[in-house]
Amino acid sequence: MFKKIPMLILAAMISLVLAACSDSDAGSENGELTEYKIGAIYSKTGPNSPLGEPEWNAAKLLEEKINADGGIDGIPLKIILADDESSQEKATQEANRLVNDENVLALIGSSGSGESLAIKGIATQQKVTMISAAASTHIVEPVEDAEWVFKTPQSDRQAVERIYMYLNEQGINKIGTISDSNAFGSSGLEQLEALADEYDIKIVAKESYNTQDPDMSTQVTKINSAKAEAIVVWGTNPGPAVIAKNAHDLGIKLPVFGSHGIANQNFISLAGEAAEGVVIPTGKLLFPDQIPEDDIQYSVVSEFYKEYTEKYDSEPTNFGSYGYDNVMLAVEALKNGATDREAIRDYLEENIKDWIGTTGVYNYTADDHNGLGPESFVMATVKDGKWTYIE
């Protein structure tokens, strides 16, 4: 009996040591915080790289800027970047590494809906706040399954609502859909179908494709034969650009509407002259010089756009805005004393009210971890080879 007592004491000591090394003390020295560590998983390479690269760049830019200004109350911010290579498996590996080995206080990312949904399980299981840069509604819904998960892009539900509102204005009520078979495309199609009746829209043809399919002429032809009045494409590049080119080459004059997943110059580069006239819902960072100065987001959008273009000699696009908002929401929590995993989660849910980001004005609640509405979108079209704001 007496020989077991030292072992019990030793076990208690080990428990205390482990507790001292918990997430709240990540980046600490002698109990003093020496840095705030955030893990950022983005698709720097692979099919989602047009999304992930500006998000990656935004994180680096903000880390440098914040630390040059003295950090967060004198404590440096350390953003550990990881490339998921547009792979759900790689995203899962990196999330586990960042949470368990690096002991990050929060996770931001990933770029794609599939990768974000993969990370969501780890964030929930490990009870670490995650702020996604992907669009799928399922990332934060149902709310009871997203206690630890937030996101910054408008949901595909809001994008569909904005497109349907515009179609109503144009007197178009019969559409054909072409959606990517991946998580982003499937979630978008789900919302297109769910909201159709509410906006008096009839889907007369429903087609799909695989992300890397080189030609969708068959699907486009079927939609045209179904007497659709417009084509709505849900996917990220290269698929939507291929579809626009197919329709153009076939001489099909139906207007083409895309998701917010193609709100970048890459779509125009891939589609060429077929991009002309394509319409999408988008955030304002796509064309900051076209936003009125009295717009509530004007200052934050303009400042970030200027800093990004000066550093990288390229445009941040909407995806850079998601990267900006992801970092700055986490920083907002840290600045206000939320310096452990649970406190960050609670701060975002309870205190982000009328918070002005580059994507929109956020209002997180216990029932809404996206915090945006369809009004955070504006409509844009390609005119003379560039995205143009539709007033």
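Let's start with the lining of the largest pocket: helices H2 (49-68), H9 (265-271) and H10 (298-312), along with strand E16 (386-390), each supply at least two residues. Helices (H or I, at least four residues) and strands (E, at least two) are DSSP runs, numbered from the N terminus. H2 gives the most, with five residues.

A word on where this comes from. The model is predicted, so local features need pLDDT of at least 70 and side-chain atom pairs count only at pLDDT 80 or more, while totals for chains, interfaces and linings use all residues. Residues are numbered from 1 along each chain as its sequence is written, and side-chain values use heavy atoms, with hydrogens and water left out.

Now, what is a pocket?

Is Lys37 buried or exposed? Lys37 counts as buried because its relative accessibility is 10%; buried means under 20% relative accessible area, exposed over 50%, and partly exposed in between (1.4 Å probe, protein chains only). Lys37 sits in strand E3 (residues 36-42), and its side chain reaches the backbone oxygen of Glu102 at 2.6 Å.

Lys335, in helix H11 (residues 317-335), counts as partly exposed at 47%. Leaving aside neighbours within four places in sequence, Lys335 is in contact (heavy atoms within 4.5 Å) with Ile72 and Asp73.

Methods
Polar contact = N/O pair within 3.5 Å; in protein donor to acceptor, adjacent residues only side chain to side chain.
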